Amino acid sequence: MTAPARPVRYGSWSKDRQGWFLGLGGGSWVVIVVGGLPLLLAAGSAKWLLALGWAPVWAVLIVLVAVPVRGRSAFQWAVECLRRWSGAVLGWTDWQSKAAAGTADDLDEADLPGVLSGIRTYDGPPFGPLLVRPAVVADHRKRTWAAVARITHPGIGLSEAAARARLGAGLAELLEGAATAELVSVVALQIRTLPEDGAEREAWQRTHLRRSAPGLALAANAELAAVMTSAGVRHEAFVTVVVPERRIARAAKEAGGGVDGRARVLYGVMGEIEARLVGPVGCTSVTWLDSPGLATAIRTGFAPGDRAGLAAAEFAADSDPRVAAALPMAAAGPTVAPNPERRHYAHDAWHSAICTVLLPDKGAVMGALAPVLTPTTAGERRCATVFFEPISMAKADRLVGNESMSSELATEIRRRGGFQVRASHRRDAARVEGQDVRLAEGNALVRVGIAASVTVPGTWSITDYGRRLEASITGSGFKPLRLDLAQDSGFAAACIPLGIGLPRRRGTK
């Protein structure tokens, strides 16, 4: 007998931003050095009293800049708190939709709050053998173009280790293709686990249920349907492909210019992504969303309870063409989004708590995030979005080269200083060496970010369910980081499939 294959553990990731020296960037060192100049000048001119008086001020400045508190320095926390309070006082954080206020002029224009306010959608030219018109999403604030697909995947819950490794290699192939083409900036995979509403079953029953059946059988069937519906969950998955304007501007001009030209260039990327999703990744269907489909995906992201009504309208439209089943883009967002709280986000009659997921040093196996997507009670909605940002080969080679040089320099300094080389230092050196080897073999370097959220009705305690989400993340072997003061932006990243989430870094293209 052969031993069962062990699951592949994925790791070898590094920090998103490497410190220039002693874990601090150039800006932090400039602030520290400039803050210490008065002390040096006072000491140089023998003004010892002034030097002693300035020393505590400099020490406080160093603490504010250098000591991290939940992922940010104290100085950054102070700036973010000041910005939030200023926005609340000036009324910038309160939002109401134009449709709810009765001032919507164009129903095809997206009306979304916060970081989604720059979103505009357009109907692209015919695409594919069925000549569908996918929605092209333009973010005018970040100057990007995107397309969203609803995917169906059998899952990996019952897959063997070899099958999981094959699917992981398929995902790596998809990201390597995106990095080689140097057009795609972000590939976002979003999975929702939402309560079962029974809309499809109810529509099927209206067509097939025999009203002449015995009353006891009908009562038992109704009771069983109610029990199963309340205990069941539904899964939805979306893939969003984001392309920056600067990367497709020239090709779009050659394709005719305007929105149609950019859509034609984006269609080529969509075809490549779809081929790899259906092939190596193992998806059974990939459907690029048109404007009504995208509006429904956005609306159910803000209000999970609206899915049953939207599905019922769609089924009714099949038999009665007078029923308006298509949701306009102007009504896709929430009706009202008040001032976001520090640790949760309120939208209509729902509350959401959002965390980012920090990757563990020991790595993780495929499917480790499954507990994060598992609701703890009926009526709870879980969402998780994984952002993959392929890095170009030239930039990846430069990043890995700099990190390798820093690792060798740190090792040499420890050896010459007589300091012990600990196991963590050897692990980091081996990780850098492994990245260099894989990059030389043609593999891609990918920046990864994960955002997870829990959504419950507004009458429930979001504090309790936020703790449950953090416990699920911790139980999966990861570390949660609650997005304090940025819950509205985190909600857009975790629950709305528009590819908005990863912050841009200076120098990225």
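**Exercise 1. Which residue in β13 is the bridge partner of His347?**

Solution. The model is predicted, so that local features need pLDDT of at least 70 and side-chain atom pairs count only at pLDDT 80 or more, while totals for chains, interfaces and linings use all residues. Residues are numbered from 1 along each chain as its sequence is written, and side-chain values use heavy atoms, with hydrogens and water left out.

Step 1: strands are DSSP runs of E with at least two residues, helices are runs of H or I with at least four, and both are numbered from the N terminus; two strands pair if DSSP finds at least two bridges between them. Step 2: strand β12 (residues 345-347) and β13 pair in the antiparallel sense over 3 bridges. Step 3: the partner of His347 is Trp350. Step 4: β12 and β13 form a hairpin with 2 residues between them, and Asp348 in the turn has a positive phi of about 55°.

**Exercise 2. Find the other partners of β13 and state how enclosed this strand is.**

Solution. Step 1: β13 pairs with strand β16 (residues 445-457) in the antiparallel sense over 7 bridges, where Thr356 has Ala451 as its bridge partner. Step 2: β13 also pairs in the antiparallel sense with strand β17 (residues 479-482), over 4 bridges, and Val357 stands opposite Pro480 in β17. Step 3: buried means under 20% relative accessible area, exposed over 50% and partly exposed in between, with a 1.4 Å probe and protein chains only. Step 4: because 8 of the 9 residues of β13 (residues 350-358) are buried, this strand is largely enclosed by the rest of the structure.

**Exercise 3. Describe the aromatic pair of Tyr122 and Trp145, and say which parts of the chain the pair ties together.**

Solution. Step 1: rings of Phe, Tyr and Trp (its six-membered ring) pair if their centres lie within 6.5 Å; planes under 30 degrees apart count as stacked, over 60 as edge-to-face and the rest as tilted. Step 2: the structure holds 5 aromatic pairs, and the pair of Tyr122 and Trp145 is tilted, with 6.3 Å centre to centre and 35° between the planes. Step 3: Tyr122 lies in strand β5 (residues 119-123) and Trp145 in strand β7 (residues 144-152), so the pair ties together parts that are 23 residues apart in sequence. Step 4: Tyr122 counts as partly exposed at 29% relative accessibility, whereas Trp145, at 9%, counts as buried.
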